[in-house]
Every structure is written in structure tokens, then in C-alpha cells.
Amino acid sequence: MELEQVVHDFDPIFNKESRVLMLGTMPSPKSRETGFYYGHPRNRFWKVLADVCKEEQPLTREDKIALALRNHIAVWDVLAGCEIRGADDSSIRNPVANDMSRILDAADIKAIFTTGTKAAQLYKRYCYPKTGIEAAVLPSTSPANCRISYEELYRAYEKIAGFI
């Protein structure tokens, strides 16, 4: 599979009441196809977020946005564009970071979390020098990260509860 130039073309989820910023790396092919964050049907992001927030798992795009905003959670990705092979974050070349000030200037963000180590590495290299805010690394919710049980994932993501 060849590297493909990909541009992040959907808006972040946030409002002025957002206190937690959750950052992925870049939308996967399935997410780009559905036009929304964590769009693969086996991705566990929305389930774990709902469980941490003690709410029902949202099924529609509108319900996912409402869950995030109701719980003061912003959702975006570190990258605005890159070259990538499928959904393989390790293949990323020529990354271009999103401008985090879009959210940080509008909301009182208390904590930033990345959903995976590649997002954390890219955030640290391209965003942290501008934001000055450390990001805590959470395990990826991707179906490719099957070595992490749902229980382990939930325990890791519980950290966000202290900020929402």
C-alpha cells in the first residue's frame, strides 16, 4: 500500500465550556469515510468515554457530539494533514499539526490527553512547544490495539473523570 496524502477535513468538537481535550493522531480511513471521529465500528473510544461519563453509549454522530459537550470534553486530532499508509500511524510522513489555539483560546482546557503513543509523540514535537501544556498518554482505542482489554482501557480513561 502506498503512502497517501491525507487532509483532516472535519471540525473539532468543543465549546467554551470544554475542560478536557482528547487528541487522536489523524482520522483513520474509516473515520474519513464516515466523516467523524473514531468511525470504525470496533473502535472503543465512544464506548469507553460513555462508560467513564456514566452515560449510555452514543450511536449517532449527534449523540456523540452531545455526550462530549455535555461532559465538557473537546475532541480533535493532533494532525491537520500528513502522508500515511492506510491507518498505520507508524507510516506517517510530513506531518502538519493542527493549531491547538483554536480550542485553547476559546475554552478553559484543564487537561490534554492523547489517544495513543503516536498522537503523544506528535503532540510533544509539534504542539507542546506552542501550547506549553503537557499531554497525558492514554492507550489507543483502535481495534488494532487488541492487546489492551476493555477493563484496562476503562481504568486508563478514568483519569479524565477528575477534570470533567
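Because the model is predicted, local features need pLDDT of at least 70 and side-chain atom pairs count only at pLDDT 80 or more, while totals for chains, interfaces and linings use all residues. Residues are numbered from 1 along each chain as its sequence is written, and side-chain values use heavy atoms, with hydrogens and water left out.

We begin with the aromatic rings. A pair of aromatic rings is described by the distance of the centres and the angle of the planes. Here, rings of Phe, Tyr and Trp (its six-membered ring) are paired if their centres lie within 6.5 Å, and the pair is stacked if the planes are under 30 degrees apart, edge-to-face if over 60, and tilted otherwise. This rule gives 6 aromatic pairs. One of them joins Phe10 and Tyr37, which sit 4.9 Å apart, centre to centre, with 80° between the planes, an edge-to-face arrangement. This pair links distant parts of the chain, since Phe10 belongs to the loop between strand S1 (4–7) and strand S2 (20–24), whereas Tyr37 belongs to the loop between helix H1 (29–34) and helix H2 (45–52), 27 residues apart. The helices (H or I, at least four residues) and strands (E, at least two) named here are DSSP runs, numbered from the N terminus.

How accessible are these rings? A residue is buried under 20% relative accessible area, exposed over 50%, and partly exposed in between (1.4 Å probe, protein chains only). Phe10 counts as buried because its relative accessibility is 10%, and Tyr37 is buried as well, with a relative accessible area of 2%. Tyr37 also pairs with Phe36: the ring centres are 5.7 Å apart and the planes stand at 75°, so this pair is edge-to-face. Ring pairs link Phe10, Phe36, Tyr37, Tyr38, Phe45 and Trp46 into a cluster.

Since 6 of its 8 residues are buried, H2 is largely enclosed by the rest of the structure. After H2 comes Lys54, whose phi is positive, near 60°.

Next comes the largest pocket, which holds about 700 Å³ of space. On a 1 Å grid over the protein atoms alone, a pocket is an open set of points where a 1.4 Å probe fits, with protein on both sides within 12 Å along at least five of seven lines, and lining residues have an atom within 4 Å of a point. Its lining has 31 residues, of which Ala87, Asp89, Thr115, Ser140 and Ser142 lie nearest the centre. The largest share of the lining, 3 residues, comes from H5.

Finally, two single residues can be set side by side. Thr114, found in strand S6, is buried, with a relative accessible area of 0%, and beyond its neighbours within four places in sequence it is in contact with residues including Leu23, Tyr123 and Leu138. Lys16, in the loop between S1 and S2, counts as exposed, at 64% relative accessibility. Lys16 and Ala106 are 90 residues apart in sequence, but their C-alpha atoms are 5.5 Å apart in space.

Methods:
Points joined across faces, edges and corners; volume = space filled by probe spheres on them. Contact = heavy atoms within 4.5 Å.
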